[in-house]
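These are my notes on what I looked up in this model. I began with strand pairing and then turned to the chain as a whole.

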Amino acid sequence: MKQTMKTSLYAGALVLLGSVAHAGCGVTSGNVNILGNDFPALQAVADEAIACAHDGMKVEANLTTEHREIMSPALTANPAEYNAVFIANSQLMPLLAKGLIRPLDDLVAKHGQNLAPNQLIRVDGKIVSVAFMANAQHLFYRKDILDQVGARPPESYEDVLAVAEKIRAAGKMEHPVALNTKVGWNLAEEFINMYLGHDTPMFKAGTAEPAINNDAGVSTLNTLKALTGYSNPDYLTFDSNTTQALWESGDLALATMWGSRGTAILDDEGSNAAVVSSTIQSGAPTVAGGSKPATSLWWNGFSIATNTSDEDAEAAFVAMVNGISTDMVKANNDKAAWLIEGYEPNVATAGIVASMEAGASPYPMLPYMGVMHTALGGELVDFLQGNESAKQTLSDIEAAYTTAAREKGFLE
Amino acid sequence: MPDKAFFSFMAPSLLAMILFIALPIGSVFLQSLFVEHSQVMKTVETCSPFGGCTDETIVDAEATQALAQAQPLGRFNGLGTYTDRNHLAFDDLGRARREADTFGEFLSAIMNLRFYRALVFTIAFTAIVTPFVLALGLVIALAVNMLPRMTKGPAIFVSLLPMIVTPLVGSLILAWIVDAEGILGATLQTLFKDPDLSLKASPTLTWIMLFIYGIWHATPFSFIVFYAGLQTVPRDTLEAAMIDGASRAQRIRYVVVPHLMPLVTFVLLIQLMDNFRVFEPIVGFSADANATSLSWIIYNDLRGGETTLFGSAAATSFLTLVGVIILLIPVLIRTWRDHNSKPA
């Protein structure tokens, strides 16, 4: 009771403080309309931005998992339907290529004193987006099961395979490993992560021509196939929701999952204490003797629409900067690996931070990367199912990519 | 009816058909002839939160916009999209024919091309599901028709259930049941003592599962149509056949089925069209690793990833349309002949 009393007092004080601090957040008028993906961290940022609303200033947010489909058309309209958007790094280049988001240098100079330099995404010298959280896929493992078979925490995917074999041989689990290997986007992402671990470029330098039909490509395919050999036979249907559920039900000992799932896995829902207490999140493993973690780093940030009045753009920027304030981070510390000052790294995001510190590559920010991602998603299955050789699959991927890239105008 | 009256009567429907059927098809065809304008690219310094600044290739937005404005439809590509590797793949077919030593090799080269892979599944699905739906629907209708009055209502309701469930939801529920961790999937694994047995992992089992789902989902439709038709079978003819000593099977063969023939043609037409457009179960079962359909590759071009390929999707749509027409022609010709041979 006492505790509750204290908490509500504290919350009340926060609200009071908040409303004093917000009071329009420094702008007097404007219409702000936010569009973005729907997950807890973005909801926290949007709520804080909405708190800027007051007489004469309207702030609204539409957070939806379908954001990707409506973003480009909504920003193309003039005036744009939304003037502030949450984006992930894969979305930046397509929007930029269509000229749909505006440079933020002036606004950052005027209102962005509290932003850290590494939050500012610059392209061609101009600030085009402000990043506020990071995400990456990395290794989750069950300490209790590794201890039972006398295995050390794996540092490379070769270690992962060795530990998986030990677990299977000891009769603990038949399918101890899972990755997000659902055909399509997820499976392609696993290929890209593994390929980046080989530290080899995916395209011929300075061109949109593919260059994955090489030793790194073959090694990537073989590693993926070996890993899925320790996965449940349904692995081609595994997306993040499936792997999280499998982990929480205690059916896995080693899994590569998104760091942003860490909080949900470690909470007291959907699992039992034995699984939660022995779940360890470590950095992404290396592969094939390389030193780079085999994963790609993602960021989420916000950008401001081109097709909106300067007044509304300023209001939107101010509201968003308020959304990613240190106060917001303090209240929502566990929801993401924030790139914002005041963030305290904790166990739920340890894997992301470890991967970042080990020098993992960012997801390639190339305009034709999306075409490659789609081509990979469609062509990888044949190899994993044993229908064709690694070389054949790699050349199929390049052919599918080239066809689509021609249609998109990236290749002649 | 004088021609003038006929046309003024038909004009609103004709207008609606042009507006809502002909124009969209025309626009899709036009779209399929174009690809996106060239992307002008340049290399600039890019800075991200990780790894600092690097030189990256980006699209020169201004130069590309200028090109886009000059050619709003994109670059004219003629039938290029139809013949590229993601569609009819003439080049790859030719190469496969030259290089393949055996027919098997040629076949596997064809199945390596996404359009033909999807086409083969689509045709197999249509060819297998349609007759089963017709036959099963008729059998269920005959069976329900023989039930005592009291039980007919509940029986009809239960038989209609598979059709009432939304296809996507129905397939999702079944997908969870047959999952390796699901009740049916896990039981099969225990039954066959094979921990790697999975309905979703094996291509053959996936196909069979989708066929069964298709039959399960569409049978109620043919059942209810045939059941309605059974209520109109003339009793006189049936009784006459009984007096002549016809068995139940003979009565069905020579009286009931001929009476239902127009309905059979109707259900056949609808089922051919529906099954050729098979889509939801592939998404619901996450079966795209083993089975893709023409509709599914259209969806994948539009919503499958970070990029949308409108030209490619339009070309596949148009090819699907051609497929449906080819499939329906025999049935339509038959109907036309029957129609003309009837005494006026």
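Entry 1, pairing across the chains. The model is predicted. I looked up strand S4 of chain A, residues 120–123, and found that this strand pairs with S2(B) in the antiparallel sense, over 2 bridges. Which residue of S2(B) is the bridge partner of A:Val123? I noted B:Thr46.

Entry 2, the contact between chain A and chain B. I listed the residues on both sides: chain A puts in 53 residues and chain B 45 residues. I then sorted the residues on the chain B side by type and got 20 polar, 13 nonpolar and 12 charged.

I moved to residues 254–258, which form strand S7 of chain A. Is this strand mostly covered or mostly open? I found it mostly covered, with 4 of its 5 residues buried.

I then looked up the partners of S7(A). Strand S5 of chain A, residues 126–142, pairs with S7(A) in the antiparallel sense over 5 bridges. Within that pairing I picked out A:Tyr141, whose bridge partner in S7(A) is A:Leu254. Strand S6 of chain A, residues 177–179, pairs with S7(A) in the parallel sense, over 3 bridges. Here I noted A:Ala178, which has A:Ala255 of S7(A) as its bridge partner. My summary for S7(A) is an antiparallel pairing with S5 and a parallel pairing with S6.

I counted 18 helices and 11 strands in chain A. The radius of gyration of chain A is 23 Å, close to the 22 Å that the globule rule gives for 412 residues, so I recorded the chain as being as compact as a globular protein of that length. Taken along the principal axes, the box filled by the C-alpha atoms of chain A is roughly 65 × 65 × 30 Å.

Of the 412 residues in chain A, 55% are buried. I also looked at contacts with a separation of 6 or more in chain A, and 75% of these join residues 24 or more positions apart.

How values were computed: Residues are numbered from 1 along each chain as its sequence is written. Chains are lettered from A and ligands numbered from 1 in the order in which they are written. This is a predicted model: local features need pLDDT of at least 70, side-chain atom pairs count only at pLDDT 80 or more; totals for chains, interfaces and linings use all residues. The radius of gyration is taken over C-alpha atoms; the globule rule is 2.2 Å times the number of residues to the power 0.38. A residue is buried if 20 or more other C-beta atoms lie within 10 Å of its own, exposed if 12 or fewer, and partly exposed in between; C-beta atoms are placed from the backbone. Two residues are in contact if their C-beta atoms, placed from the backbone, lie within 7 Å. Ala, Val, Leu, Ile, Met, Phe, Trp, Tyr, Cys and Pro count as nonpolar, Asp, Glu, Lys and Arg as charged, and the others, Gly among them, as polar. Two strands pair if DSSP finds at least two bridges between them.
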